[in-house]
Structures are given as C-alpha cells and as structure tokens.
Amino acid sequence: MKSFLSNVVTDILLQKKVAIHNLTFVLPSQRACVFLREEIIQQLTTATFLPQIISIENYIQELAEVKQVDTIQLLFEFYSIYKKNTSKDKLDSFDTFSQWATIVLQDFNEVDRHLLDSKDLFTYLRDINRLENWNPTTEITKNYFSFFEKLHLYYDEFYQYLISKKIGYQGLIYREAESNIQHYISNNSDKHIVLVGFNALNKAEEQIFQELLQSGSASIYWDVDESYLKTSKESGMFLRKYKKEWNYFHKNPFNWIENYLNSDKKNIEFISTTKNVSQLKYVGELLQRNKNHNNMALVLADESLLSLTLNSLPNTVEKINITMGFPLSDIPLAGFFNSIFKLYLNQEKLGVIEKNLFYHKDVSNIFSHSYFKKLLNNEMANSSSQIGKTNRIFLSKNHISTIFKEIKPTNFIEFIFKKGNSSIEKVLQNCITICKELKDVTKGIEKEYVYRFFTVFQQLETLNSKYGHITNLKTLHQFFTQLSKNEKLSFQGEPLEGLQLMGMLETRVIDFETVIITSVNEGILPTSKSEKSFIPFDVKKHFGLPTYQEKDAIFSYHFYRLLHRAKNIYILYNTEGDAYGIGEKSRFLEQMQIDRNDIKHTTVIPKVMINTSELQEIPKADSVIKKLKELAKNGLSPSALSTYIYNPIDFYYQKILNIKDINEVEETVAVNTMGTVIHETLEQLYTPYIGEFLTEDSLKKMFLKVDDLVAKIFKKEYKNGDISKGKNKLIFEVSKKHVNRFLKQELQETKEGKQLKIISLEKRYSTNIEIENVDFPIKLHGIIDRIDQVDGVTRIVDYKTGMVQSSQLRMTDFSKMSDDYKYTKALQVMLYAHLYIEETNFDMSQPIEAGIISFKNLNNGFLKMNFAEGRGKNYTVSEEKINEFLIELRRIIAEIFNPEIPFLENPDKAF
C-alpha cells in the first residue's frame, strides 16, 4: 500500500500545473519534510531543482519575518516589561515572577495563535475577578486582583516590545504572519504552496490557509478516513468543521477521503502488561521476531521511557533512527553540576557562607562523582572515609585541601571552594571552566554532553550579563534546571532506514507497515485534563480557545491516522498503576474494540525467577590459615567470637581480610559513641576508689562531677560535633541521666548497708587455651568493664547501653550459644569470668557471679548469669559451669581453626 506522501507526490507530478521547483511544500513537522524529500527524489524521472520543503513553524516565521526565541529569553525580556509597569512595593522577585510568568506566556501564546481580541479577553477576565473579589481584604487577594487589572497592559507592552526587536513567541509570530498574508501572496505570485497532512489548525493557520486557497496560490491534501466524516468521533472534529465551514470546499473537492481504518488486511494485537519494564522487554521480543526493521516504527506515547527503551532494544536492531531528543537533565553530568549548585545553596541555607564552610555531604557528593574522577584522571581517594575521620559536619577550604593533599586537585579546590565563589557570576564562570576542563578528558558522546552543558551555561551567562535579573543562586539553579529539562541531545541516525523510534507527534503524515505503540493508557494517550492557565475553562470555551477536549481530539486523530496504512499493529498498555501510568487502557482502544471484532488480545506476564543463590562459602587456603595463626597469637576477643557465631563470612571479612567500616561523619551521635562516653565516664568516676569500699559520701561526690565529665568526654569522643541542640542535645542529656540513675542505684544499695568494693575498671585480661588438633596455642583476651565485690560476692560486670533481658543470660545448655545469636551476651560474660579466674588464680571456693548492667533496663539492676532450670535461681559461676562453658568454647574455636571446615554463610543471620 502506497504511503500518503507517495500519493501526494504522484498527484502533484501528474497535474503538472506548476514546475516542481516553483512549489513549496508545507508540512506539520521537520521529520515529515525528510520523508517527503526522499519520496520526490524517488518519483522524479528528469533532472530538476527540488522544491522548497518546509515545516509549518519555519514557514510561518517566513511570513511574519519575526524570529522565534526560547522561553528562557522570553522570561528575561518579559521581566523587563513587568518591572517597568509595576510599582516597587508590588514587584515580585525574578524567582517568583518566573514561576507564574511561564503560564502567562502560554496564555499569551494561545490568545495570539487564535487571533483573539486581547482587550476583550483580558477585560472579560478582569471583570470576572472584580465580581469574585469585589471587596479584597487580604494582601494576597489584593495582589491577585491587581495582577488581572494589569494583565492586558503587560500583554500590549510586551507585544510591542518584541515586535520592535523582530523576535517573539510562537503565537505572536502567527498573528503577524496572518496580518502579512496578503502582502506575501502578492509578492510570491510565481510560487504555489502545497499544504500536506494537517489536521488541527489554530485560528491563524485557518485564516492563512484559506487566504492561500482562495487566491489560488495553494492546494491542500488531507489524510482523512471516511469514518471521521460519517461519525461524530473526536478524531474527525476539526476535519468535519473545515469541510463544512470553509468556502473553498463548497466548490473544490476535499482531498483525500479514503477507507483504511476498517480494512480487513490488518493484523492488530492489543498487549496488556504489568509495569513499564514488562512493556519494553516485550517490545524487545517483538523486534527480535521481526528481523526486517525497515518500514517499522516504535512509538513511545510516554517519551520519558526513552532511556529504558534504549536499554531494552535487542542486538538484532542494527539500524535505528531516534527522532526524540534525550533531555540533558537525564545525563549524569547534570547531576554533577546539580551537586555544585547544592554545595552553594546549602552554604546559604545553613548560614555558613560568611565563614566559607561547606556541608560535608555536599563535598563528598562532588568528590565521589564520576566526572570529578575524570578531572583527576581517575586518581581518587576514599573521600567519604577521609572526611569521616575528621568528623566535621562543616569543612573549610583548608580542611578540604588537607584531606585531599595526596591527589592534589588544587585547581579545582581553588576555584570551587574559594571564598566569594558562590556569587552568580563566579558560579557560572566556574561551571564553564569545568566544561572546558572536561572537554580534554572525555571522548565520544560524553564530549557532546560536555559541549551541550557548555552552551547552557554560556546562554545563562549571556542573558544575565545583559539583563541582570538573576540576583540569587536559587534563581540561577532554577533556570539551569529548566534549561536542562528543555534542552535535548539529538541523536544522529539514518532517518529513512531501520527502526524509527518516535514520539506520537513525530509520526504526523508518515506511514509505516509495522507499528508498535507503547503506554496506550488513559492519562498518557490522551493526556490528562490538567492544564496550567490563568484563563478558566468556561472563558476558554466562550472565546473559542482550545481546552483539553480539543487536545484529546488532536491525539485521537494522530493515533488513528498512524494506523491508516499499517498492516501489523501492536499496541501495548500497562495494567498496573505505578509512577508512570494509572493502569487503565486508553479509550482509543475501547473504541477500536467497538469498531472491529478481529483484534487479538495478549496478556504478558513476566516470568518470576526464584533466586536460588547458594550460601557463600570460603575455603581455608594456606593464606587464610596463616592469618588465623596471626589471629591466634594476637588473641580472640568475645566480640570476635560473637561475630563468628552471627555469620562466619563477616568474621572472615573483619578478622582475616581486615576490612573495616568506612568512617562516616556523625551528624547525630552514634550508639557506639554514646556507649563509649558512658563507659569512660563511669571509669573516671570510680577509678579513685579502686580497692576501696564505696561510701555514701564518695557516691555523692561523683554526682557533682557527672555533668562536666560527660561534657568533657563527649567533646573528646564526638570531636567537632555539636551537642548543644537538636537530637544530639537529647542524647547528651540521656547519657547524663543514665549515669545519674546508675549512681543513684548504687547509692541506694549503699544506704541499705551493702558492702560494695571496686576491684578493677576497664582492665584487660588474657589467657591461652589449648585446642585438640590445633598445634599452636590460642590467646583469649578481653577488657572487663568492672569487677567488684558486693557483700563478699565477686561480680564480673559488663556494661551495655542497649536493652538486655534476663532471659538472654539464662543458660542451662551451653551448646545453645553457637546456635542462637541472642546468647552471645552470655558467651561474652562467661568468657570474661574465665579470663579473670585464670589470670588471677581465683579461689573457686569463693562465690563469683557474672552478668550485665543494661542502662535501658536499670530497674532490674545487675542481670546475672542464671544456670537454673525453669524459674529457679542459680547465679554462681562454679568450676563445673566454667568447664561446661569451655567445652562449647573449644568446639567453636576448633571449628574456626579447622582447615577442613570452610567459612560458611549463616542462612539465619538477621539482615
């Protein structure tokens, strides 16, 4: 089946009314121009000059003799007019202005495209607001009222200002083109205009087209299915109107009306999928099935899925042409520049700009970014760890230079972190400098990324140096974000070969044999009803401005027109609501089901792959055995044994490979830091009384020292941290409360007559243990928080700032220690008891107990090891219990050092 453009060219060449080189073809899009040019070349039989082939937007600019400029420049121009016509006390900042001015410019655009009497419309809007706000009382309503009072003034002044500079927005250009059409016709009598494939025209286009047709200077070709004219379908809304109302068609045929949609030679398949990933993966399968991708289009109704689509294409797609641009905001380099902006914005927000300090996370984000590594030729230090060591929430330039002195990014540090470099001019210059630096260290498409961002920053620098409207960093960042979203990186490809990857608007006028359309869901195709405009819906209807109803009709036509000559049609939609869609298929599909009964329905359900990953297993090679011997010599601690019980793989990483946790800045006091503070506070309070019995006086003296001592130790352990406010202040107060409650408990026991003697504090104890089949001694060691005597009973005390329950210390079967991690606390205190008994040759005929003081469970006092069954009590750490413990301890240690038993991941570990 011949394409629409092929039919148009054939008809034009057969008529021979005007020489081909005197024709001007006007089409809806630049993409359509490429296809028409190829069709003309294919059908020409003699050598001649090609006709002019132009898109409607460029043609209108020719008529108007006005250059179209982008929205960013328009905002700068408009703000100049706004400032001129607004008193200083009511003047919005450029930041605030740009948020509503973008919507106003869209409304101005619609007013001019549809040739409305601007005075009538804005007076009408003003009167409506006068009725609604006839007695404004608040400052907000007064400003809102004032805005509508001046809207027409802004429009008139801005329009005249732009005309004087021969620049404008699209609507202005259309209005000027319509007023110049007679002049154009009289000066181009030798030309013939061929209007091809239009549908929804604005009022200016309607007037221009009719003037050209009535004067005999043009001919027009519509791509119409007869169902559009015979029914009330929204897809034919505009075409029915033109056929009925244009005088030209009362005497001339309406070319062309054909019947393609109801053809029985179409293979149509509706494919429902869950989630967009499933859609695009299935598209990949369709493309693999169809080996020949010529004359095939993949149409994305949701253009935001471009990146995901490109990653889903199979290797069988050898040639592809992408008509959509890739937004600069989706390129990794945008994230790098956003990190730089965030660095300065947070400097302002957190009030440290005068001291030239920088938030540590912002510095880390910049230094860990891949493009920063490129600036350093991939020479990189672990910035997060280096910053973490200092524990500074805010870093100065000197701190940063010191941290990164090994890799010496001196130039970068100088122009990014130098004081005063957060000004608008300096930020722009720095970003341009970064682009120049990156140009020399990037290749291929990355170099193109850099160039595009270079042009963005140059545009911002030029506009601001000319107008000076950007006065703060927040506004600059806002415009950078807007520019990076609007600016797109164009792909180079062969427009006439291979798979055509397109957006819906790019398909206008072009026909394909095979069409795949994705995301055909309500809210996407057609789009949602939400519109940003200061003109209410009923006012738009009254003045004939387009609403969402007309926009729905436009997309309805584009959708059905794309199917006219297609033989194989695959339409995919998402059945599950998510961030990209609402899960309801488009009403266009419902209409197709009513019109046809030969549609195939397919439901795609992704295969659920069960992850059967094997547990990690690390054999004990000779190098591992060597490390284990070193560990045996240096000593095993209770915490190391607990780590092994929790997960042997973690033990391997920490003790064999010596992999340490990354140092991170503690913005909030960490749990372990709080524990260290409480431990050290109690050590310093009780040290003067080692070897003595505690008295009421000695404990009361301790109370007086708590506040200063906790503050002093916090300053030492939480270096460079702030405990004067926020959550850290609460943690500081809680730490003091824990210490005071503990002292209060000790004081109460002393008052009750208990004899409490401190034997040692935070002392290291060690001993060796012999293991069967291990031919070297293994050292055990540990630091016992406190050893004391209460009424003649020796106690091994371990402090815990977290919650510990007495059930975790009830042990009747020591084999449980290696089966359940919760019993590792019992293992620790029993090992501490063994170390103390061995090193001091403790007389086991004397009573000894071991246990934990939990600061989150202080009401239960000293939680003792309990060896009794049920609810019984047996707190004595006897020689028998020590021996039972040592049997299990030797078994655990023998397993660690057995070369035949690999380190095997614990499947029951808590994540």
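Reply: Let's start with the second largest pocket, whose lining has 14 polar, ten nonpolar and seven charged residues (Asp, Glu, Lys and Arg are charged; Ala, Val, Leu, Ile, Met, Phe, Trp, Tyr, Cys and Pro are nonpolar; the rest, with Gly, are polar). This is a predicted model, where local features need pLDDT of at least 70, side-chain atom pairs 80 or more, and lining totals use all residues. Numbering starts from 1 along each chain, and side-chain values use heavy atoms, without hydrogens or water.

A pocket here is an open set of points on a 1 Å grid where a 1.4 Å probe fits, with protein on both sides within 12 Å along at least five of seven lines; lining residues have an atom within 4 Å of a point. The volume comes to about 850 Å³ (the space filled by probe spheres on points joined across faces, edges and corners). Of the 31 lining residues, S639, D798, K800, Q828 and Y832 are closest to the centre.

Which helix gives the most to the lining? That's α29, with six residues. Elements supplying at least two residues each include α30 (648-656), α34 (824-840) and strands β21 (756-769), β22 (778-790) and β23 (793-800). Helices are DSSP runs of H or I, at least four residues, and strands of E, at least two.

Those strands lead us to an open, mixed sheet of five, ordered β21-β22-β23-β24-β25. Its edges are β21 and β25 (862-864), each pairing on one side only. Inside the sheet, β23 runs parallel to β24 (residues 848-854) over seven bridges (pairing takes at least two DSSP bridges), and T794 stands opposite I848 in β24.
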